[in-house]
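Open the model in your viewer and get ready to select a few residues. We will go from one stop to the next.

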Amino acid sequence: MVRYIANKLFYMLVSLFVLISATFFLMKAIPGDPFTSEKKVPPEIKARLYEQYGLDKPLYHQYFKYLGDIAQGDLGVSMKRLNQDVTHLIGQTFSASLKLGIVAIIVSVIIGVFLGMIAALYHRKFIDSAAMVIAVLGIAVPSFVVASVLQYVLAYKFHWVPVSGFKGPIYYILPVAALSAQPIAFIARLTRSSMLEVLHSEYIKTAKAKGLSWPAILSRHVLRNGILPVVTYLGPMTANIVTGSVVIEQIFGIGGIGKQFVEAISTRDYTVIMGITIFYGVLLMVARFLTDIAYVFVDPRIKLSGGKEG
């Protein structure tokens, strides 16, 4: 177990190093800089700004200095906000994104597993077809389209929910629905396929022949084995929801980390872009790591080396 975790942590560090390097050089490759739009700033003041943020130094010097700062846990200060520490900025705005993401993940798992389970139990019946139509629509339609349609119909036409903002439970409905539509669809399809395979397996027939009650078969065998693919999908689903929230927060005017990220890109705030990218990267790696650990505990047949016992 210790060796497994050590290997995972090593690859996480390598991935993080590649992410930081790639983002740094791609960002620097884009023409312009944070002060390009400051046309009215006198040249001497602009030169002082370049000197203050180290932009007057060679690229390799900026790169190694940034790596050194990151190793000490310093994400730097914003180049567009006065005395705004990037770590503090992330801490201030992440709570809204975290609340939205957690609710979206919980809703996705509950509704997705329920739809998939109902579809499998009523295989080739109307309920199965209806659930799969919902799943196909959820996969095919992008989250920002779902968000716009829900915003227009439920908020603008019927006034059932607020158009935008994030001031209470009712404000969660539209952004959570938009964020969880695609994960719900994937989970429903995964659960249905997996449960159908389990339902037609020999050990289920044996359990029925031994007189085990149907609720017991469902809880002990079908549901537990049926949700294994869902556990595997939790890592990518977290990634989808985290990256999807960047757009959704912008549409619904939620002052989360995604909104800050979009604003930082539009103003070329290098340190904020790098800081939020690293933060997202670490978040996704940790989510994937916890998913791998959870998968081992859910299915004891899985070896820590990654294979199944024969």
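Start by selecting Phe24, Phe25, Tyr63, Phe64 and Tyr66, which together form one aromatic cluster. Rings of Phe, Tyr and Trp (its six-membered ring) pair when their centres lie within 6.5 Å; planes under 30 degrees apart count as stacked, over 60 as edge-to-face and the rest as tilted.

A word on what you see: this is a predicted model, where local features need pLDDT of at least 70, side-chain atom pairs count only at pLDDT 80 or more, and totals for chains, interfaces and linings use all residues. Residues are numbered from 1 along each chain as its sequence is written, and side-chain values use heavy atoms, leaving out hydrogens and water.

The structure holds 11 aromatic pairs. For one of them, select phenylalanine 158 and tryptophan 160: the pair is stacked, with 4.9 Å centre to centre and 25° between the planes.

Is tryptophan 160 buried or exposed? Tryptophan 160 counts as exposed because its relative accessibility is 58%, while phenylalanine 158, at 47%, counts as partly exposed. Here buried means under 20% relative accessible area, exposed over 50%, and partly exposed in between (1.4 Å probe, protein chains only).

Now show helix H6 (143-157) and helix H7 (173-199); tryptophan 160 lies in the loop between them. Helices (H or I, at least four residues) are DSSP runs, numbered from the N terminus.

Last, select Val161, Pro162 and Tyr171, which are among the residues lining the largest cavity. A cavity is a set of points on a 1 Å grid over the protein atoms alone where a 1.4 Å probe fits but cannot get out; lining residues have an atom within 4 Å of a point.

How values were computed: Helix = DSSP H or I, 4+ residues; strand = E, 2+ residues; numbered from the N terminus. 1 Å grid on protein atoms, 1.4 Å probe; cavity = no way out; pocket = protein on both sides within 12 Å on 5 of 7 lines; lining within 4 Å.
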